Structure formats: structure tokens, C-alpha cells
Amino acid sequence: ELFGTKSGDGFADLAAYDSDGNGWIDEKKTVLIDENGKINALLYIINCEAISDEHKHKYIEYLITVVDDISLIENTSLWGHCLKSDIIKFSENNIYLYYHNIKSFDSNLIYYINKFENNINMKKVDIDDDDEASSLFTTCLKCTEIDNTKYRQILSSMNRVYKQDFTVKDLPNDKMKILIEEGIIKFTSKSLMSLRENYEDVCFYFIEKNFNSYIENMTADLFSFDELLVIIEWNVADSHKFSLLSFTSKPISILNINCSIEVKLYILQHNLNSSDIPVLRTNYHSLDSQIKKYLVAEAISNITSVIKNAQGISYSLIKDLFFSENLDQNNKLSLLTERLPLLSRTECMQAFNTIGRTDFASIFETRKHPKFSVCKANQTVLDKLQAKGWIYDYYTDENDGNYYKIRRNKPPKKLTK
């Protein structure tokens, strides 16, 4: 009766295995018991109150028969040992029943979940109590020892999100990435602040996965300058970058950031890092036309500094300043004068023509005899031309003391008698 009879008389069925009639089953004889019989026997013994738990534990360790439904084992204190001994068939319902009994993911349940290769789909379990389902979900979420694949399967199949601001601490980064990827952590200001404080390594991953919400919910209090410096190089719409940039006036260097020209131009106009300017002036020739246009305007606004450092500036910038209608001729001449030691004869003549000082350009035309009004600016130019060896010297016109004349070459010595 215990194992399930074939004829209706269990003892008569067993007697067939006693050929010598001594009342014992013959040695080396295998008694064939069907699966239902094994299950009935197992449950009879495990649920028998007359058998001690110590003996039941020992018995369970030797079992190979598998029980489909853990709830058939009446003594719930034995459930953990049954899971660890692999006698409970894997099912989502058994996961729930075990959790419902102890309200935690203990080492036995974790072992049971991690051991099996089956995909876990908690939708198969009908949990009527929403509080119970929420408790299961949250407890699983906080369990760090569940295999990542099983962790993802359980949480995603429950089709829930963490309802509150996410303030859970001490989860490993791989678990956090799963929660982010599955959309389990809702974007809120407090959730973002919590991730900034507790999960720095995955915070940007969270922002990336919730970027629209990040932009829509941004405020002055929530804004992070350090995050901006990273996001500014992301492949997202410039409008989002402009939105974030609007929260700060702090200087930002554009020298080594990978972003569009439009964003760089915005930064130059609103978040200028003044230390960028000398570098940009030096590399002006290689820059985009929009940046060049900005730099020309910036140079005109700071022309004194530009003139002072004319020899360290890209000549392309200086030439564009020569052509600019917004810079007066006096400043153009001063700029050319400071740059003159580095110019060739051809460059110098072209520059004088460009700024409208054809009188100086005619110095390089031997048939012409230019005159220059006496003033400090003209004197400085003539000194630089003399230093270059392009004129021998200059002197005040004997007929009109308001002008200088030049000698291109050294005059011949007068013969003496």
C-alpha cells in the first residue's frame, strides 16, 4: 500500500521477489516500483509525524525521486533541505511558495534558482496580493547572490518597476546595469541623486538610458557641471546640449572636446575659457569658418593684446584682420608693424596694399619715391624696414620738414681730391 500495489495486495506483490520463502526479498533482486508509488512513499515518510526530523533529513539526502509541488511536503521547515537536496522539481510556483513561506531569498532558494538552466517566467505564477508581489519583487531586487541571468529573468518577467525613489544601496554594478536596462529604476530627481552618490560607475549609464527624462526634468538644483562635460561629447542632439549649457556660465575649454562646431561656437560665446584664445589664434588657419569669424570679432575687441602678440598668431588671422572693415587703419598698421619682422618682401608689400598704405608698398617699387608724414607710427615702420635691410635709412625731407624720405641703398662715397 505504501509503494502502490499492482494486484491490490502489496505483500503478495513483494512475495514474488522471495524465491526461497524466508520472508526476505532475495539478494540482488530489484523491486520495480512505479513513479507514483515512489512519490507516495516519499511523501508518506516525510509527512509522517512519527518519524523524527533528523531521520527525515537523512532520508531526504538519499532520495533521487523528485516532488513536483513543494507544498505537498507538509512540514515547511524541511523545504530548504529539500531544495538543497535537489528533490523539488524546478518551477516558478515552487519559487513563489518557498518565498511566501519565509519572506526572503535564503541560501537554499538562491541555490535552487541558480542551479537550473530553465528560463524563469514569473508570469506563470498567479499572485493575487499586490503587496505580496511587490514584496517578492523588491526582495529579489536586493538579493546580490542570484545569478545575473536569473536575476534579470525574474525581475523582468514580473513586469514591475521600483515604485519609489531608488535609494537602495550596495548593489553590485552588474545588478544595477540589469535594473537600468530593464527600466526597473524610474527616473526621478532623487533616484539620480542617489545614483550619483552611491553608484558613480553606472550613473552615466542610467542617464543615457533615461536621457529624455534627464533633459525634461533638469533644474538648476539638479544640474551637474561634471555630467555636462561628459554629455557634451555624446551623440545626442545639440539642442539637448544647449539646454544643459544654459544652466551654467562656467568656462569650458573647446580645445579637446568632440562636439559640433555649433556647440563649440555656443561655448565660445557663453562659456569662454580665456586660456583657449591664444591656442585658437595660433591654430586659426586650421579652424572652421564659423570659429574664424568669432575669433576675428574677438581679436578686434582685444586688438591691443593681439598687436602685442602678433608674432605668435597665425598669419591667416592677421590677414583677415587686415581685410576687416571693423578694424581701423591705425590698428592695422600697428599689427602689421609688429608682424613685419616675420614677413617676406612679397607678403609685406601685399599687406601694405591691403590696409591701404600704398605709400609703404611703393618702397618695393624702385621707380617710385614715396614720402611719409612725420609721426611715431611711420617712424616705427621705417625702423622695422631698415632692420630688415629693405631700406638703407630714412631722413627728414629738406624741403618739407613734415615728411620722411628713404634711401633704398647706401649712397656712394664722395671722391676726395
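Analyst: Two strands pair if DSSP finds at least two bridges between them, and a strand is a DSSP run (E) of at least two residues. This is a predicted model, where local features need pLDDT of at least 70, side-chain atom pairs count only at pLDDT 80 or more, and totals for chains, interfaces and linings use all residues. Residues are numbered from 1 along each chain as its sequence is written, and side-chain values use heavy atoms, with hydrogens and water left out.

User: What makes β1 and β3 a pair?

Analyst: Two bridges join β1 to β3 (residues 403–407), and at least two is what pairing asks for, so they count as paired. The two run antiparallel, and Phe372 has Tyr404 of β3 as its bridge partner.

User: Why are β1 and β2 called edge strands?

Analyst: The open sheet has the order β1-β3-β2, with antiparallel pairing. β1 (372–373) and β2 (393–396) each pair on one side only. Helix α23 (residues 376–388) packs on this sheet and touches β1, β2 and β3. Its direction makes about 150 degrees with that of β2, on a scale from 0 to 180 degrees between N-to-C directions.

User: Why is Ser224 called buried?

Analyst: Its relative accessible area is 15%, and buried means under 20% (exposed is over 50%, partly exposed in between, with a 1.4 Å probe and protein chains only), so Ser224 qualifies. You'll find Ser224 in the loop between α12 (211–216) and α13 (225–231).

User: How do you know that the buried residues of α19 line one face?

Analyst: Those residues of α19 (residues 315–323) are Tyr315, Leu317, Ile318, Leu321 and Phe322. Down the helix axis they fall within an arc of 155 degrees, so they line one face. They pack against α16, α17, α18, α20 and α21.

User: Which residues have the most contacts inside the largest nonpolar core?

Analyst: They're Leu141, Phe166, Phe352 and Leu385, in a core of 123 residues. α17 gives the most to this core, with six residues. Beyond neighbours within four places in sequence, Phe352 is in contact (heavy atoms within 4.5 Å) with residues including Leu333, Phe364 and Leu385.

Conventions: Helix = DSSP H or I, 4+ residues; strand = E, 2+ residues; numbered from the N terminus. Arc of directions from axis to C-beta. Core = buried A, V, L, I, M, F, W, Y, C linked by side-chain atoms within 4.5 Å.
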